[in-house]
Amino acid sequence: MSVLSIREAQAGDLEAIIRLHEEDELGSHGDVWSAETQPAYEAAFAAIRMSPENKLFVAVDGNEVVGTFQLTFIPNLTGRGATRVKVESVKVKAARRSGGIGARMMAFAEDHARTNGAAAMELTSNKTRKDAHRFYERLGFARSHEGFKKKL
């Protein structure tokens, strides 16, 4: 591996980010990069970029996007007004998993969250992702809540 860098995503990274989601059958949510879907992804990317509460990052090895994640800062009335950070859409290129990229991304996310005033980080992971659960536990995350989702 050459020098891995983590930076805020740029418009030119968008296709590579969606391709990372495409290769994950369980977590892809039907994502596919095509002429038909591109405008929706571009609109979502623009909304993320305009939101001061959201940051989308990529892990880059050379010129290749090998990982991505999103951070959302959430002000909260509990915890004496503490800010939480929700980590979303964590993906590492399938061929590059188990090489330390995910750990580097999560360390970056934690540092970024702490530096920007967050008191806690949280994330959800599909119940079937046993390897991912062990990974997050090794990083110090605790199973503390049961999550629920409802499609609208």
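Two strands pair if DSSP finds at least two bridges between them. Strands are DSSP runs of E, at least two residues; helices are runs of H or I, at least four; both are numbered from the N terminus.

Now the model. It is predicted, so local features need pLDDT of at least 70 and side-chain atom pairs 80 or more, while totals for chains, interfaces and linings use all residues. Numbering starts from 1 along each chain as its sequence is written, and side-chain values use heavy atoms, with hydrogens and water left out.

The inventory first. The protein chain has four helices and five strands. Along the sequence they read β-α-α-β-β-β-α-β-α.

Next, the sheet. It is open, five strands, ordered β1-β2-β3-β4-β5, with mixed pairing. β1 (4-8) and β5 (118-123) are the edges; each has a single partner strand, so one side of each lacks a neighbour in the sheet. From one strand to the next, the twist averages 25 degrees.

Take one pair. β2, residues 54-61, and β3, residues 64-75, run antiparallel over eight bridges. Lys55 sits opposite Leu71 in β3.

What lies across the sheet strands β1, β2, β3, β4 and β5? Helix α3, residues 101-115, at about 30 degrees to β3. Angles run from 0 to 180 degrees between N-to-C directions, with axes fitted to C-alpha atoms, for helices over the stretch in contact. Contact means heavy atoms within 4.5 Å.

Contacts overall, then. Among those between residues at least 6 apart in sequence, 57% join residues at least 24 apart.

Last, dimensions. The C-alpha trace spans about 45 × 30 × 30 Å along its principal axes.
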